[in-house]
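Thanks for coming, everyone. Let me put the structure on the screen, and then we will walk through it piece by piece.

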Amino acid sequence: MRTVAVDIGNTKIKIGCFEGDQLLNILSVSELSEARELLLQFAPIHIISCSVAATTEEQRVFWEGFEVLYLSHETPLPIQNLYETPTTLGLDRLAAVVGAESLSNQKDQLIIDIGTCITYDFLDRKQNYHGGSISPGIELRFKSMNDYTRNLPLIESFDEVKLIGKSTRQALISGVINGITAELEGVIAQYKQNWPDLQVILCGGGTNRFESKLKESIFAAPELVLVGLKRILEYNEHKK
């Protein structure tokens with residue numbers, strides 16, 4: 001069965017094309033109109049769409065003619081959502097947690113998604129989702145220092161990360177990347193004090209940058225949101 005999962009984020013749209021359980025292709029575009037053209041080429045049977053940037057009505061215009069499940073806070077899920085304000089919960093966070101559930105080996109799980117923001121979400125071994133925390137991602141940290149100071153430059157791309165920055169540019173890069181690394185390790189350590197057998201799953205666009213920096217054993221699943229969306233679609237298809 002051909003299935004497409006669409007993740008409409010703050011800065012880009014990611015499209016996962018599945019044939020059965022196999023993720024065949026991952027595409028990234030900036031506009032919904034581009035996404036529609038790609039879907040017409042792939043000719044999927046089922047589509048699930050998740051958005052933190054466009055309303056359901058805005059999405060309907062572009063998905064006209066397709067059978068689409070629009071993920072919302074009312075969509076049935078294979079987990080128990082214990083979040084106290086479920087209507088404020090980012091749908092991409094929810095999809096990532098469901099993606100972790102599909103990988104579950106009866107362990108408590110901490111899902112860390114490194115994107116525009118860094119989100120930490122806790123799913124216990126009984127598939128109860130409890131919530132987590134949110135902090136600024138890489139670009140937000142660079143942008144805030146540029147926006148709220150007079151002389152600090154905006155860092156838009158970089159390769160090398162030094163511990164000791166010998167220029168303002170190097171110091172900014174060191175502060176952001178090494179600071180996030182320390183944050184990740186600190187949060188993981190706090191969770192492991194309470195759940196020693198915790199499985200840590202890293203996902204999102206920043207996975208590759210931080211995967212090798214962390215001392216803790218982690219499971220890297222960069223496309224966890226897309227996997228979770230497909231799992232939600234299948235769960236709802238089986239309920240029909």
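One term before we start: when I say strand, I mean a DSSP run of E with at least two residues, and strands are numbered from the N terminus. Keep in mind that this is a predicted model.

Confidence comes next. The chain averages a pLDDT of 91. At least 70 is the score of 100% of the residues. Now look at the elements of the chain. Helix 2, residues 56-62, has the lowest mean pLDDT, at 79. Strand 9 has the highest, at 98.

Let's go to strand 9. It covers residues 128-136, and Ser135 is found there. Is Ser135 buried or exposed? Its relative accessibility is 13%. Buried means under 20%, so Ser135 counts as buried. What does its side chain meet? A polar contact of 3.4 Å joins it to the side chain of Arg141. Arg141 is also among the residues that Ser135 touches, leaving aside those up to four places away in sequence.

Now back to the start of the chain. Strand 1 spans residues 2-8. Six of its seven residues are buried, so the strand is mostly covered. Which strands does it pair with? One is strand 2, residues 13-19. Those two run antiparallel, with seven bridges between them. Find Ile8 on the screen. Its bridge partner in strand 2 is Ile13. In strand 4, Ile8 stands opposite Ser51.

Next, the domains. The domain assignment gives domain 1, residues 1-70, and domain 2, residues 80-239. Their C-alpha centres lie 23 Å apart. The contact takes 22 residues from domain 1 and 15 residues from domain 2.

What sits between them? The largest nonpolar core has 27 residues. Those with the most contacts inside it are Leu71, Leu77, Ile79, Ile111, Leu224 and Leu229. Strand 4, helix 3 (91-102), strand 10 (199-203) and helix 7 each supply at least two residues of this core. Helix 3 gives the largest share, seven residues.

Take Ile111 as an example. Not counting residues up to four places away in sequence, Ile111 touches Ala96, Val97, Ala100, Thr119, Tyr120, Asp121, Leu123, Ile201, Cys203 and Leu224. There is also a second, separate core, with 25 residues. Ile173, Tyr191, Leu198 and Val200 are included in that one.

Last stop: Lys239, in helix 7, residues 224-239. Buried or exposed? Lys239 is exposed, because its relative accessible area is 52% and the cut-off is over 50%. Now find Pro76. Lys239 and Pro76 are 163 residues apart in sequence. In space, they are 9.1 Å apart, C-alpha to C-alpha.

That is the tour. I'm happy to take questions.

How values were computed
Residues are numbered from 1 along each chain as its sequence is written. This is a predicted model: local features need pLDDT of at least 70, side-chain atom pairs count only at pLDDT 80 or more; totals for chains, interfaces and linings use all residues. Side-chain values use heavy atoms; hydrogens and water are left out. Helices (H or I, at least four residues) and strands (E, at least two) are DSSP runs, numbered from the N terminus. Buried means under 20% relative accessible area, exposed over 50%, partly exposed in between (1.4 Å probe, protein chains only). A polar contact is a pair of N or O atoms within 3.5 Å; within protein, one must be able to donate a hydrogen and the other to accept it, and residues adjacent in sequence count only if both atoms are side-chain atoms. Contact means heavy atoms within 4.5 Å. Two strands pair if DSSP finds at least two bridges between them. pLDDT is the predictor's confidence in each residue, from 0 to 100. A nonpolar core is a set of buried Ala, Val, Leu, Ile, Met, Phe, Trp, Tyr and Cys residues joined through side-chain atoms within 4.5 Å. Domain bounds come from an automatic or database domain assignment.
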